[in-house]
Amino acid sequence: ISDQKPLGCWSVKHGQILTCPVVCNFETHEYIAVHDDRVLRIWKNEDINLDKAFKATLSADVYRIHSLPQGGPVVLFQGGAVRTLDVLLEAPQQDIENVVSGEAIRWSGAFMEGQQPVLIFTTEKDGDFFVYVQKPKLSSLHRYKLEQQESAKPLCFTAHITNQTVTLLCLYSNDSVYQVLIPLQEDTEEEEEEKEILSKSLLLNLSVSGGVLKGTSLVVLDKDHVAVLGSLAAPGNKPRECLTIWNTKFQTLQTSKELPLGTSGQLWCYEEKFFLIHGKVLTVILYKCETSSLAAAVGKLKDSHTPDMSLFLNWNTLEDEELVVSFQSQESVALKEESRMNLRSRRSSVDGEKPVTLPVGQLLINFKNAPSYVLESELKKLVGRTPNPDLQATIGCVVTALTDRCKKNPKYYPQSFLQQIIETHEFSYSLCPDLMAVALEKKDLPLLQMCLERFPDIPEEVTYTCLKAFLSVSEAHLQTLDVNVDSVICYIDVEMDEEEVKTEIVENGFGAEMDQDTCDTNEIPKEGHCRGDGGSCPVGLQKAALLNAVLHSAYTETFLLPHLKNLPAQQAVLFLRYLYYLYVKCSEKVNTTLPGIRSPTINQIMDWMCLLLDAQFTVMVMLPEAKELLSNLHKFVRAQVRFYSELNKIEGSLRELQRQNLLRESQTYSIEVLEII
């Protein structure tokens with residue numbers, strides 16, 4: 001999220017409208033959407049065109065789809081009927097009954113009770129509010145009426161299920177939160193009649209130091225804590241939008257975070273993370289709820305200013321205002337906005353303080369100015385004893401501490417320790433953005449290679465900087481480095497590479513003899529064949545391995561293209577020569593797959609080649625040394641297109657032959673003549 005990397009994008013046709021939020025089916029890893037109220041679409045991540053995705057037109061309008069990790073998707077129709085997705089797909093045009101009569105659905109939620117999904121939704125009609133509890137697999141339906149509140153009405157709802165009891169929380173317009181308890185019925189017969197009037201009890205008054213929080217959204221965190229998003233209005237002051245966490249057990253405000261850029265009024269909560277729109281960006285905030293206690297509720301925990309939350313902090317770069325609260329994690333609630341960190345590979349748990357063992361943040365502070373050998377020794381011990389749930393966050397703090405020491409002391413660089421961490425643990429760029437910057441400064445190319453191969457979230461600017469560094473370094477210097485060549489050793493002629501290193505490559509990675517086309521690309525395949533001789537590799541073994549690491553890195557074309565336009569012309573030509581060499585090598589194989597570990601795929605090679613030509617085409621056309629390379633590339637691609645066109649012509653005959661082979665009896669001898677037209 002911090003790097004703004006879109007992982008997928010799908011659009012409906014002009015005039016179509018998505019009418020309910022898209023959800024993910026946890027069981028099949030598919031996306032489910034509804035457009036124009038009743039057209040169901042299902043697709044997978046690799047699907048590109050939404051219009052070609054699975055389509056089913058339903059017989060009634062859909063209100064919301066809920067996806068449960070173990071219960072599958074559940075569809076709620078605007079008429080109040082509920083179907084599991086599996087049942088619905090068996091007969092999309094099946095009749096959908098109307099459960100509600102003239103009522104409008106205001107909120108819905110899905111939960112698991114044992115092995116059964118439970119769907120709860122609230123409706124409104126003429127100022128009265130009703131609650132429906134359904135178990136779709138048991139065809140069980142119960143309807144209740146919510147007790148009316150004078151001069152106040154519900155604004156939003158949320159719920160959770162504990163011990164066969166639904167706890168419905170209602171945020172009312174009188175700035176109060178009420179609680180409604182609904183026991184789950186055991187009978188399996190469908191019941192549509194109104195059972196009873198549900199009474200409610202006051203759970204929380206949203207008053208803060210003489211002011212009142214005008215809540216707009218409410219979510220449950222655990223049995224003792226809720227989060228409320230709203231506007232805090234204090235006498236004589238301008239209203240301020242805030243995210244607040246309240247202790248419902250002791251009815252106290254636990255902590256708050258001001259949101260000066262404004263919000264959309266919506267708050268989502270998933271896997272101990274808040275999601276909200278702050279200004280024009282999606283903001284993600286981590287939280288951790290510990291056991292509620294009176295001391296924590298009133299802020300009387302001893303040493304409450306100890307920055308134990310530095311488990312997630314870089315205490316040299318993080319601004320003070322990014323901390324929401326620094327309560328000791330034992331029996332407290334903690335927040336920290338993660339404005340610069342990617343969440344794809346983070347954990348959202350903070351370890352409670354153990355007896356005798358110092359918290360991670362305090363330990364790092366204690367050794368902040370310790371000698372380097374002491375720091376490394378203690379950090380190795382810390383990584384070794386950290387339990388799995390907190391290991392990744394702890395490793396992020398460890399690497400941050402090491403990079404901070406590197407920036408303070410230019411002579412200090414624990415290369416082997418850093419490589420060991422990246423090799424043996426799950427890590428990502430966002431856990432320590434300074435790591436690759438320090439590696440670039442130290443010209444630690446093997447470490448950069450490991451990062452490019454393993455990190456899923458490297459910004460395009462950093463990827464480009466690595467590419468430029470790899471292309472500019474001399475082959476002589478690379479011979480002294482311990483570069484992993486597993487991705488190239490199986491398909492590059494080492495002897496030919498070494499000879500070229502001695503005669504061609506100079507300090508900037510490009511020699512004067514390069515314009516003689518050392519790729520020997522004059523040997524172009526004859527028209528109609530897909531084989532081609534790309535000649536010898538234009539770069540040495542080590543540089544080829546480094547470039548392969550760049551080809552493996554994730555990127556978004558929109559963000560990478562502007563950086564590639566700044567690539568020096570000579571380096572761009574060299575990179576294109578290498579991509580052309582790989583392209584020819586892949587085309588020599590029937591399955592277009594290069595041997596070796598982490599070898600680039602044909603799709604990666606083609607994507608980078610197209611991207612480089614888009615960025616540098618004008619420069620390539622003007623460079624005399626690139627003219628022959630572009631001509632050879634054009635001829636080779638044209639030959640492949642013609643070859644595959646010929647294959648397409650006989651595709652039908654080949655399919656028929658395959659079908660005949662399947663129909664033929666295994667013990668029957670025959671001679672058949674197939675005429676290919």
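Helices (H or I, at least four residues) and strands (E, at least two) are DSSP runs, numbered from the N terminus. This is a predicted model: local features need pLDDT of at least 70, side-chain atom pairs count only at pLDDT 80 or more, and totals for chains, interfaces and linings use all residues. Residues are numbered from 1 along each chain as its sequence is written, and side-chain values use heavy atoms, with hydrogens and water left out.

Q: Which side chain makes a polar contact of 3.2 Å with that of Ser487?
A: Ser487 sits in the loop between helix H10 (475-478) and helix H11 (494-503). A polar contact is a pair of N or O atoms within 3.5 Å; within protein, one must be able to donate a hydrogen and the other to accept it, and residues adjacent in sequence count only if both atoms are side-chain atoms. The partner is Asn548.

Q: Is Ser487 buried or exposed?
A: Buried means under 20% relative accessible area, exposed over 50%, partly exposed in between (1.4 Å probe, protein chains only). Ser487 has 3% relative accessibility, so Ser487 counts as buried.

Q: How many of the 19 residues of H14 are buried?
A: Helix H14 covers residues 569-587. H14 is largely enclosed by the rest of the structure. The buried count is 16.

Q: What is the angle between the planes of Tyr580 and Phe636?
A: Rings of Phe, Tyr and Trp (its six-membered ring) pair if their centres lie within 6.5 Å; planes under 30 degrees apart count as stacked, over 60 as edge-to-face and the rest as tilted. Tyr580 and Phe636 are 6.1 Å apart, centre to centre, and edge-to-face. The angle is 85°.

Methods
The expected span of a helix is 1.5 Å times one less than its number of residues.
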